[in-house]
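Biologist: Before we discuss the terms used for this model, please show the sequence and the structure.

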Amino acid sequence: MGKICVKINFYGGIIMADDKLESIVQNFVKIMPLFQKKIIRNECGFRNDTFNHSHFQIMEVLGRKGTQPISEVAKKLLISTPNMTKLLNKLINEGMVERAHDTKDRRIVNISLTDKGDQYLKDKFNLMKDTLKNRLSTIPDDQLNKLNTSLENLKEVLMEISSDN
């Protein structure tokens, strides 16, 4: 039988039981690869793409945040400096990203999307949106309603989790 363990935090709020947290973690761990495998990789052209998921994540951060120091992007994505250098070299060689010293502090090297990188990112997002619409169009309305409610709830919960991203 599972633990019955409820804790109260400093502010008087109830902290979820350990079993419930374990179940949530297990569900996240199972859902992420399914989403990656069933939607992103197979259907959105990433399998045969020049760039891998890490390349795409770097471009996505730059598309969302604009010009950033290399160290900040690496920190946000939990990528080591040597690996970041290798990933960036490929993106730079392909004309997707450009590197430039910061105008205020030459020790800082910033990266930003080129026009080609920005267009690539927009094209990939449009392909993902179209693919998702196509995949979801086969699901019955009652299931779509459940999925939509679940995703809205998930988004709300994730927005509440403190993060510096």
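**Terms and the values behind them**

Modeller: Ser54, His55, Ile58 and Met59 of α2 meet Met84, Leu87, Leu88, Lys90 and Leu91 of α4, where contact means heavy atoms within 4.5 Å. By class, this contact has six nonpolar, two polar and one charged residues; Ala, Val, Leu, Ile, Met, Phe, Trp, Tyr, Cys and Pro count as nonpolar, Asp, Glu, Lys and Arg as charged, and the others, Gly among them, as polar. The model is predicted: local features need pLDDT of at least 70 and side-chain atom pairs pLDDT 80 or more, while totals for chains, interfaces and linings use all residues. Residues are numbered from 1 along each chain as its sequence is written, and side-chain values use heavy atoms, with hydrogens and water left out.

Biologist: Why is α2 called roughly perpendicular to α4?

Modeller: The axes of α2 (residues 53-65) and α4 (residues 81-93) come within 10 Å and cross at roughly 80°. Angles of 65 to 115 degrees count as roughly perpendicular, so α2 is roughly perpendicular to α4. The axes are lines fitted to C-alpha atoms, for helices over the stretch in contact, and angles run from 0 to 180 degrees between N-to-C directions. Helices are DSSP runs of H or I with at least four residues, and strands are runs of E with at least two, numbered from the N terminus.

Biologist: Which residues touch the most other members of the largest nonpolar core?

Modeller: They are Ile58, Met59, Met84, Val97 and Ile111, in a core of 22 residues. A nonpolar core is a set of buried Ala, Val, Leu, Ile, Met, Phe, Trp, Tyr and Cys residues joined through side-chain atoms within 4.5 Å. The largest share, five residues, comes from α2.

Biologist: How do you know that the buried residues of α3 line one face of the helix?

Modeller: Ile70, Val73, Ala74, Lys76 and Leu77 in α3 are buried, that is, under 20% relative accessible area, whereas exposed means over 50% and partly exposed lies in between (1.4 Å probe, protein chains only). Down the axis of α3, the buried residues fall within an arc of 165°, so they line one face; the arc is that of the directions from the helix axis to the C-beta atoms. The face turned away from the buried side carries the exposed residues Ser71 and Lys75.

Biologist: What makes Leu78 count as exposed?

Modeller: Leu78 has 79% relative accessibility and therefore counts as exposed. Leu78 lies in the loop between α3 and α4, and its phi is near 55°, a positive value in a residue other than glycine.

Technical notes:
Angles under 35 degrees count as roughly parallel, over 145 as roughly antiparallel, 65 to 115 as roughly perpendicular and the rest as oblique.
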